[in-house]
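Here are my notes for a first look at this model. Please keep the structure open while you read them.

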Amino acid sequence: MTDRTHLIALDLDGTLLGNNGTLSERNAAAIHAVHAAGHHVVIATGRPINLVAELADQLGDSIAYVVGTNGSTIGTFPNGDLVQLIGFDFATAVEAVSRLRDGLPGIGFAIATDSGMAHQPGFAERMPAVVDQAPVPDILAVGGSEVYKLFAFHNDLSVTQLLQRAPQYLPAGLAANHMGADAIDIGPDTIDKCAGLRWVCEQLGVEAADVIAFGDEWNDITMLEWAGRGVAMANADSRVQRAGNEVTASNINDGVAVVLEALLA
């Protein structure tokens, strides 16, 4: 077994979870094993933190932190207490929504602010976990002064197309990322999963060289490049695979467990 303490950073959808959004027994067992061996395990996902709670029964206290919404929120697990929030002002979100509605007619939104969360019809069906709230006609009615995350989706445009077309309509300082589901994540251009993981590493006293990060999507690229060991999934596209140091088996073949079991062997 390795004698170094590692931080294991795990993307969820397309990486740790199968195509049906469930966690396999083998992956769960591997996570518990590395935790028991003294390593830190962190979830790094495009999902909001409240959409990670469904994994609590299988993962229990083996997770140190959840880096959610691509780094904008960091919380504990499984209770989901927020320890770090990085947002942008509500007026900037209003401007972004207005520009995107004008530039890409038919676009829909969801938003999380310091006053609550709101989403338009069509958003919940795109999420890998249950969204409890009912949809509303206009997400901006939720109000607030600070926005933690803005999501956008479109019935006629794929996520890849949205990622290509949306940035031209965004106010300065905002960027669009993939959130791991059929929608894009809009937030400060200085914030990503890598930024969130840096904060976690500072709290836990772990160097980047001792981070092992797993991912499959474009929003995982910066953390795969930054980590001492970046592991891309076999189901990731070529750009993501080039960002990592190695490629493991696919998500449906327990690629995370393959690496973690070898780490402890």
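1. Start with helix α1. Its buried residues are Asn-27, Ala-28, Ala-30, Ile-31 and Val-34. Seen down the axis of α1, these residues fall within an arc of 160°, so they line one face of the helix. On the other side, Glu-25 and Ala-36 are exposed. Bear in mind throughout that this is a predicted model.

2. What do the buried residues of α1 pack against? Their partners are β1, β2, α2 (56-59) and α8 (255-264). The helix length also checks out. Helix α1 covers residues 25-36, and at 1.5 Å a residue its 12 residues should span 16 Å; the end C-alpha atoms are 16 Å apart, which agrees. Just after α1, Gly-38 has a positive phi of about 100°.

3. Next, the sheet. It is open and has 8 strands, in the order β5-β4-β3-β2-β1-β12-β13-β14, with mixed pairing. The edge strands are β5 and β14 (246-247), each of which pairs on one side only. Helix α5 (residues 193-204) lies across β1 (7-10), β2 (40-44), β3, β4, β5 and β12 (211-215). This helix runs at about 155° to β3.

4. Look at the β3 to β5 end in detail. Strand β3 (residues 65-68) pairs with β4 in the antiparallel sense, over 3 bridges. Within that pairing, Val-67 has Ile-74 as its bridge partner in β4. Strand β4 (residues 73-75) is in turn joined to β5 (residues 82-85) by 3 bridges, again antiparallel. Here Gly-75 is partnered by Leu-82 in β5.

5. The peptide bond from Phe-77 to Pro-78 is cis, with omega near 10°.

6. For Asn-70 the value is near 55°. Asn-70 sits in the loop between β3 and β4, and is buried at a relative accessible area of 1%. For Asp-254, phi is about 60°. Asp-254 lies in the loop between β14 and α8. Its relative accessibility is 15%, so Asp-254 counts as buried, the cut-off being under 20%.

7. How many salt bridges are there? The count comes to 11. One of them joins the side chains of Arg-47 and Glu-54, at 3.3 Å from N to O. Arg-47 is buried, at 1% relative accessibility, whereas Glu-54 is partly exposed at 41%.

8. An α-helix has 3.6 residues a turn, so residues three or four places apart point the same way. Glu-95 is partly exposed at 34%, and Arg-99 is partly exposed at 36%.

9. Finally, consider Lys-193 and Asp-220. They form a salt bridge, with the closest N and O atoms 2.5 Å apart. Lys-193 lies in α5 and Asp-220 in the loop between β12 and α6 (221-226), so the pair ties together parts that are 27 residues apart in sequence. Both Lys-193 and Asp-220 are buried. Asp-11 joins them in a network of salt bridges.

Conventions. Residues numbered from 1 in each chain as written. Predicted model: local features only at pLDDT ≥ 70, side-chain atom pairs only at ≥ 80, totals over all residues. Heavy atoms only, no water. Pairing = 2+ DSSP bridges. Helix = DSSP H or I, 4+ residues; strand = E, 2+ residues; numbered from the N terminus. Contact = heavy atoms within 4.5 Å. Axes fitted to C-alpha atoms, helices over the stretch in contact; angles between N-to-C directions. Expected span 1.5 Å × (residues − 1). Buried < 20%, exposed > 50% of the residue type's maximum accessible area, 1.4 Å probe, protein only. Arc of directions from axis to C-beta. Salt bridge = Lys/Arg side-chain N within 4 Å of Asp/Glu carboxyl O.
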